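Hi everyone, thanks for coming along. I'd like to walk you through one model this morning, starting with its pocket and then moving to the ligand. Here it is on the screen.

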Amino acid sequence: MELSKEFIQNLRQEYKAARLNEEDVLAHPLSQFEKWFKEAIEAQLFEPNVMTLATADLNAKPHARIVLLKGFDVEGFTFFTNYLSHKGQQILNNPQACLVFFWADLERQVRIEGNIIKIDSIESDSYFNTRPRLSQLGAHASPQSNVIVSRDVLEDNLKHLSAQYDNLEIPRPIHWGGYKLIPNLIEFWQGRESRLHDRIVYEQVDGKWEISRLAP
Ligand SMILES: Cc1cc2nc3c(=O)[nH]c(=O)nc-3n(C[C@H](O)[C@H](O)[C@H](O)COP(=O)(O)O)c2cc1C
């Protein structure tokens with residue numbers, strides 16, 4: 001290894017950009033999320049809608065990957081993917097999942113836990129229709145999560161599909177669409193000095209959001 005253990009151990013930052021107090025947060029976690037998400041956009045972060053999605057398979061083995069947030073409302077957080085992918089199969093067997101945002105420049109993390117549902121096919125159609133043509137073709141061309149013998153498989157699929165849909169509207173593949181994570185817990189984490197970070201968590205109890213502070 002070229003990088004010494006000491007070098008890696010000495011990679012550290014002090015967090016002092018902001019603070020988060022119980023009395024400062026909004027009553028509904030989705031409103032608080034909207035506030036922080038707007039601030040992430042205003043700060044011109046690179047892809048502020050990038051989030052880690054963690055799911056678990058039938059053996060309770062966890063799996064995580066990045067997906068893009070494509071919408072949120074009082075109900076939950078929407079993303080789009082291939083329903084036949086590994087994550088799609090895991091969600092089918094176990095709808096419990098987590099999302100994590102890390103906005104490094106703002107020294108913030110948001111952690112979301114809940115259950116995933118498939119969104120309405122009309123909503124998936126309407127988002128699919130806004131995608132660039134090449135992304136639409138890509139959704140048809142890629143058997144997401146399957147082993148393929150080489151990249152040529154994708155390039156060949158794309159070539160055939162481009163010819164097939166030349167001058168035609170590209171329909172949404174039935175195996176591609178949106179999911180929505182309906183949260184039951186959302187934690188807002190703000191980095192602070194001396195690793196004494198602020199952690200404000202909203203948890204749904206009897207249909208109401210309860211707010212508490214966790215130790216860092
Ligand atoms: C920045 C970034 C954004 C991504 N956005 C998505 C997305 O919105 N939907 C998606 O299916 N995959 C997205 N991916 C790819 C996934 O991370 C992953 O490789 C893919 O969905 C297959 O995951 P699975 O095999 O666990 O199902 C993104 C990857 C990166 C790095």
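So, which element gives the largest share of the lining of the largest pocket? That is β2, with four residues. Please keep in mind that this is a predicted model, where local features need pLDDT of at least 70, side-chain atom pairs count only at pLDDT 80 or more, and totals for chains, interfaces and linings use all residues. Residues are numbered from 1 along each chain as its sequence is written, and side-chain values use heavy atoms, with hydrogens and water left out.

Now the pocket itself. Its volume is about 340 Å³. Of its 17 lining residues, Phe 80, Thr 81, Arg 131, Gln 144 and Trp 176 are the closest to the centre. Two or more lining residues come from each of β2 (62–68), β4 (77–82) and α5 (133–141). By class, the lining has seven nonpolar, six polar and four charged residues.

A quick word on terms. A pocket here is an open set of points on a 1 Å grid over the protein atoms alone, where a 1.4 Å probe fits, with protein on both sides within 12 Å along at least five of seven lines; lining residues have an atom within 4 Å of a point. The volume is the space filled by probe spheres set on the points. Helices (H or I, at least four residues) and strands (E, at least two) are DSSP runs, numbered from the N terminus.

Let me zoom in on the ligand's oxygen atoms. A polar backbone atom of Ile 66 is 2.7 Å from a ligand oxygen, and a backbone N or O atom of Leu 68 lies 3.1 Å from one. Ser 85 uses its side chain: a polar atom there lies 3.4 Å from a ligand oxygen. Taken alone, the ligand exposes 610 Å², and the protein buries 63% of that (Shrake-Rupley, 1.4 Å probe).

Of its 216 residues, 38% are buried, meaning under 20% relative accessible area.

How values were computed: Ala, Val, Leu, Ile, Met, Phe, Trp, Tyr, Cys and Pro count as nonpolar, Asp, Glu, Lys and Arg as charged, and the others, Gly among them, as polar. A polar contact is a pair of N or O atoms within 3.5 Å; within protein, one must be able to donate a hydrogen and the other to accept it, and residues adjacent in sequence count only if both atoms are side-chain atoms. Buried means under 20% relative accessible area, exposed over 50%, partly exposed in between (1.4 Å probe, protein chains only).
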